Amino acid sequence: MNGYLCFACATTQAADFGGFLCPSCGENLEITYDYVAAGEELQRSLCGGPRDIFSYTPLLPLRKRDTPFPLRVGGTPLYAARRLGESIGLCNLYLKDDTLNPSASTKDRASAVAVQRATDIGATVVSAASTGNAGSSLACLAAALGLRAVVFVPESAPVAKLTQMLSFGATVIAVRGNYDTAFDLCLAASDEMGWFNRSTGYNPFTREGKKTCAFEIWQDLDGRIPDRVVVPAGDGNMLSGMWKGWCDLHTAGLIDRLPKIDCAQSESSAAICHTVRRLRDNNDAEPTWSTVVVDKVEASTVADSIAVDRPRDGLAAVKAILHSAGEAVTISDAEILAAIPDLARSTGIFAEPAAAATWAAVQQMVRNDRITKHELVVCVVSGSGLKDVAHASEVAGKPLVIDPSIEAVRKVLH
Ligand SMILES: Cc1ncc(COP(=O)(O)O)c(C=O)c1O
Ligand SMILES: [Zn+2]
């Protein structure tokens, strides 16, 4: 890395800057590189398909290491989803199955870079605010590296995610309040205790981890560039990371075209989509970014991972959607839940509600003629259905309960 750039006021900081937010305006920062040199090094070092996120070290803000990371993070499959695509008339639909990360969500990409950064700067305690997955992921990877993790969650976080964090040995602080309250408390506590705060968006290193998802898609498609990548958004960091991944490859001279990044949000937690629509309605596709205020909402969705009042990487996400000419798609909670068995039955991939939201968004875009038949569409499946069985069971159906006899089997099957 060679420095930081503010998303709002474009002020730059040198690589040895110790903070996380822009000292001029308080907005989020993005990490920058000497892209030409990094691109050349990356091209030399890449061989075969994606192995894990550390295959992309020339474009990661980390010290070089001799020992491999103890767990395999990234290197997840990109599946051609033929039957699923054909069910709505799409010929080129792909699924990026990020449920196959160590803690079963895409958050491991961000946490891996964050814990490595923590060790680079000598921190031994890492903290995060989390709706559930960032915390279970941080707890998992901190355990693998022997760091202590402290996680702040809303009291309502799903039991599977809480159980993951606790099993990995994290200190879990369940705040009587929502994610936004937990976020502010984690900030204050981390400042006071001197912990390395991995909280999403606010920490610029998380975006660098998330962007590796784009690098892997690029490699797996053998140089073809998707027309669209559909990403679920809560804080918007996964989305801004996805865009940054493609932009980094472009700036480094490794690709000559960029995909659209489509945003999938629950209509009851849609601060980013609302902001994009407001700017588009005002014909403001390139506003003065330092004057843009991202909307706040009162989030209440079944998709707990994307239930966010005030997106902590909102500006970067809005910018990514506008710059990439992506869609801002809102879907109902009913559509999100219906997408879980729909996806599972056609592909064998079991997604949590936030992760199924991308498939619900693709269906809506097709219904509204926003996607044409031959477009190459990649849908990110960001977290496993096992993380929130309670919601999946509302739409999965019920087992056939019978007496233990073959007659009963025959009867029930009729
Ligand atoms: C499974 C899953 N999908 C999507 C998201 C949204 O990511 P972001 O908050 O960066 O927008 C999250 C965030 O926790 C998540 O856990
Ligand atoms: Zn700034």
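The space taken by ligand 1 is the largest cavity. A cavity here is a set of points, on a 1 Å grid over the protein atoms alone, where a 1.4 Å probe fits but cannot get out. A molecule sits in one if more than half of its atoms lie within 2 Å of its grid points. The model is predicted: local features need pLDDT of at least 70, side-chain atom pairs count only at pLDDT 80 or more, and totals for chains, interfaces and linings use all residues. Residues are numbered from 1 along each chain as its sequence is written, chains are lettered from A and ligands numbered from 1 in the order in which they are written, and side-chain values use heavy atoms, with hydrogens and water left out.

Ligand 1 is surrounded by 18 residues, each with a heavy atom within 4 Å of the molecule. The closest are Lys107, Asn133, Gly234, Gly236 and Ser382. Polar contacts (pairs of N or O atoms within 3.5 Å) were then examined. Asn133 places a polar side-chain atom 2.7 Å from an oxygen atom of ligand 1. Gly236 contributes a polar backbone atom, 2.7 Å from a ligand 1 oxygen. For Asn237, a polar backbone atom lies 3.1 Å from an oxygen atom of ligand 1. On its own, ligand 1 has 380 Å² of accessible area, and the protein covers 98% of that. Accessible areas come from the Shrake-Rupley method with a 1.4 Å probe.

Two sheets are described next. Strands are DSSP runs (E, at least two residues), numbered from the N terminus. Two strands pair if DSSP finds at least two bridges between them.

One open sheet has three strands in the order β2-β1-β3, and its pairing is antiparallel. β2 (12–14) and β3 (29–32) are the edge strands, each pairing on one side only. From one strand to the next, the twist averages 25°. β1 (residues 3–6) pairs with β2 over three antiparallel bridges. Leu5 stands opposite Thr12 of β2.

Another open sheet has four strands, ordered β8-β7-β6-β9, with parallel pairing. β8 (171–175) and β9 (196–197) each have a single partner strand, so one side of each is left without a neighbour in the sheet. Five bridges join β7 (residues 148–154) to β8 in the parallel sense. Phe152 has Ile173 of β8 as its bridge partner.

Terms used: Axes fitted to C-alpha atoms, helices over the stretch in contact; angles between N-to-C directions. Polar contact = N/O pair within 3.5 Å; in protein donor to acceptor, adjacent residues only side chain to side chain. 1 Å grid on protein atoms, 1.4 Å probe; cavity = no way out; pocket = protein on both sides within 12 Å on 5 of 7 lines; lining within 4 Å.
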